[in-house]
Amino acid sequence: KDARKYSFVLPFLQTLAHDAPRRQRFEAALASLSPSCRYLADPTNQAIPQCFSSRGGEPTTVGQLSHAETDAVVFAATAALIGLDHSLVFLDRPDLHADEPEALLNALGVLGQGNQLWMACSPRTAAAAQGVHIVNLKR
């Protein structure tokens, strides 16, 4: 997991204890993006909080989540941090680790209002898309 990709996540998580509306947006987005990962408040205030539960398990850090769950955390944190309303959102292979690409597409579609999603994705994911315009770029 590339540390640069996730560098904003830990500072973001530390803000959630003092920002209830942002925490609620993050929790809701994460729940829609990942059926197995949930945010838990971390009362210990550790540098790397154990604030996630994977598949109902014990509290864990973001680094210990599966790739699909970590991607969901990044998408949910981005949406909660910057708002993602009326935005053009580019996603490179959001389905790479997803078990259910159709559910992922639906969840990405509701991260904000009035967004346009541009995704580079697998044919399987494109086939699961409903009500969208697909541009097939051939090599």
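## Basis

Residues are numbered from 1 along each chain as its sequence is written, and side-chain values use heavy atoms, without hydrogens or water. In this predicted model, local features need pLDDT of at least 70 and side-chain atom pairs count only at pLDDT 80 or more, while totals for chains, interfaces and linings use all residues.

## Aromatic pairs

The structure holds 5 aromatic pairs. Rings of Phe, Tyr and Trp (its six-membered ring) pair if their centres lie within 6.5 Å; planes under 30 degrees apart are stacked, over 60 edge-to-face, the rest tilted. Phenylalanine 26 and tyrosine 39 pair edge-to-face, at 5.6 Å centre to centre and 80 degrees between the planes. Phenylalanine 26 lies in helix 3 (residues 20–33) and tyrosine 39 in strand 1 (residues 37–39), so the pair ties together parts 13 residues apart in sequence. Helices (H or I, at least four residues) and strands (E, at least two) are DSSP runs, numbered from the N terminus.

Phenylalanine 26 is buried, at 0% relative accessible area. Tyrosine 39 is buried too, at 11%. Buried means under 20% relative accessible area, exposed over 50%, partly exposed in between (1.4 Å probe, protein chains only). Phenylalanine 26 also pairs edge-to-face with phenylalanine 52, at 6.4 Å and 70 degrees. That pair links helix 3 to strand 2 (residues 52–54), 26 residues apart. Phe12, Phe26, Tyr39 and Phe52 form one aromatic cluster.

## Helix 4

Helix 4 (residues 67–82) has 16 residues and spans 23 Å from first C-alpha to last, close to the expected 22 Å. The expected span is 1.5 Å times one less than the number of residues. Its buried residues include Val73, Val74 and Phe75. Glycine 83 follows helix 4, with a positive phi near 95 degrees.
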